[in-house]
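Please keep the structure open beside them.

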Amino acid sequence: MRIKEVIEILKGKVICGKDSLNTEVKMACGCDLMSHVLAFIKHDNTLLLTGLTTSQAIYIADAVNIKAICFVRGKQPVEETIALAKERGMILIAVDIPMYEACGRLYQRGLVGCSEYEHKG
Amino acid sequence: MGGYIKEVSWGVPNMSTKAKVSPTKTQELAYEFKVKDAMTAEIISVSPKNTMDDVRKLLQNERISGLPVLDRGKLVGIISIDNFIDCIMSGRIDEIVENNMTTKVESLYSDEPLIHAISKFDKLGYGRFPVLEHETGKLVGVITKGDIIKCLLQKLEINYHMEEIQRYRASHIFEDIKSDKTTLTLNYKIKGGDYKHAGEQSGYLKVNLLRLGISPPVARRVIVASCEAEMNIIIFSKGGEISARVEEDRIRVNAIDNGPGIEDIKKAMQPGFSTAPDWVREMGFGAGMGLPNIENCADEMKIDSKPGEGTNLEFSVFMER
């Protein structure tokens, strides 16, 4: 699924990275715990949905090669977070709906979770 | 017309003019992208009742060479440069579009792979195709060869940029230096309590490992573990250091702090066990996954810790053979 479809489905707003909305994500992970992000995201092309908007979210996401983060529940990152994401060429989007709904809508449209992707091989 | 397309190399393997990228890459991209990724969504159109002189103005002002004809939102024809020339030659410039347009319109669907568009351009030699939405048949855009070239070049530029980063590697130093054993050490100071920059140093380590030519899966495991170790130093200690040694067969990382030390290492290794304060948890850390995470990523791990003195966590990730 391309990021621009994610934005369409979730009625999201682009915070940064609007030139690379054709980037494709193959799976998604909804998570507020950064340790879980580190533990469970094993492939590039993963979309991270999170409520954590601090700079660590960017550092951690970058560690596991995440190209796009979707902030849920209408949370807006501060300038510093955005600057870090820009430096790393990451796409940031913000949606108003809560985590469960955001994940559900994407899942419904066929974007699988990390563990399913692994089983698919 | 078709020859023009071929000059930029769509990836036909035995072509004489080869672009700098491998042909298969362009071909791959043409399969990966959809028509809607390359098309222009802002549609400039005319109605069947407009005059051919209106068409002339649009072609001149917008610097385009053809137009879709829309009747109340529905695609009814297309005006090409050929239609326009015919019209001038026979002095029909004041006639309406309806009498001069091509009504048998070849179109593309927005969700078709780009390669379909390319072969259609090649086969029919047209300059543009209207793009329709599959479900509704509604006109959603127009695609030209120029659009396709722009889309593919943009993508190739990104890929090229990434390759450049990969190429800037220091891996040759291991080959250049003659010694029985060469080890490179990278040290990173970690400030205790500096949660704002948590993960930053591991990020630098990652970039450097990739530059050294370490394979991405190995680098990934090192970085995940190093992120957790960095976090532990920041959360629990007054500060410390992460030192990563690139050895012949492994990356060996030591995360050393003067912090409080670990009371019960066995307990600390249990997933979910955590002594982190609430404010740390609110930031998405301290879920008791740190040490188990490190253990999962590492091929070897050992903890040396004394309460009141400090901790030396060492882990290694083996190079892939």
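I began with H9(B), a helix of twelve residues, and found that it reaches 17 Å from its first C-alpha to its last, close to the 16 Å expected at 1.5 Å a residue. That expected span is 1.5 Å times one less than the number of residues in the helix. I take helices (H or I, at least four residues) and strands (E, at least two) as DSSP runs, numbered from the N terminus.

A note before going further: this is a predicted model, in which local features need pLDDT of at least 70 and side-chain atom pairs count only at pLDDT 80 or more, while totals for chains, interfaces and linings use all residues. Residues are numbered from 1 along each chain as its sequence is written, and chains are lettered from A and ligands numbered from 1 in the order in which they are written.

Next I asked which residues of H9(B) are buried. I found B:Glu200, B:Gln201, B:Ser202, B:Gly203, B:Leu205, B:Lys206 and B:Leu209. Buried means that 20 or more other C-beta atoms, placed from the backbone, lie within 10 Å of the residue's own; exposed means 12 or fewer, and partly exposed is in between. These buried residues pack against helix H3 (55-63) of chain A, and also against strand S6 (184-191), H10 and strand S7 (239-246) of chain B.

Then I turned to where the chains meet. I see 21 residues of chain B in contact with 17 residues of chain A, a contact being two C-beta atoms, placed from the backbone, within 7 Å. On the chain B side, the elements that give two or more residues are H9 (200-211), H10 (216-236) and H13 (290-297). H10(B) supplies the largest share, five residues. I sorted that side into eight nonpolar, seven polar and six charged residues.

My last stop in chain B was an open sheet of three strands, ordered S3-S4-S5, with mixed pairing. S3 (108-109) and S5 (139-144) stand at the edges with a single partner strand each, so one side of each has no neighbour in the sheet. S4 (residues 128-132) and S5(B) pair in the antiparallel sense over five bridges; pairing requires at least two DSSP bridges between the strands. I picked out B:Phe129, whose bridge partner in S5(B) is B:Ile143.

Methods: Nonpolar A, V, L, I, M, F, W, Y, C, P; charged D, E, K, R; others polar.
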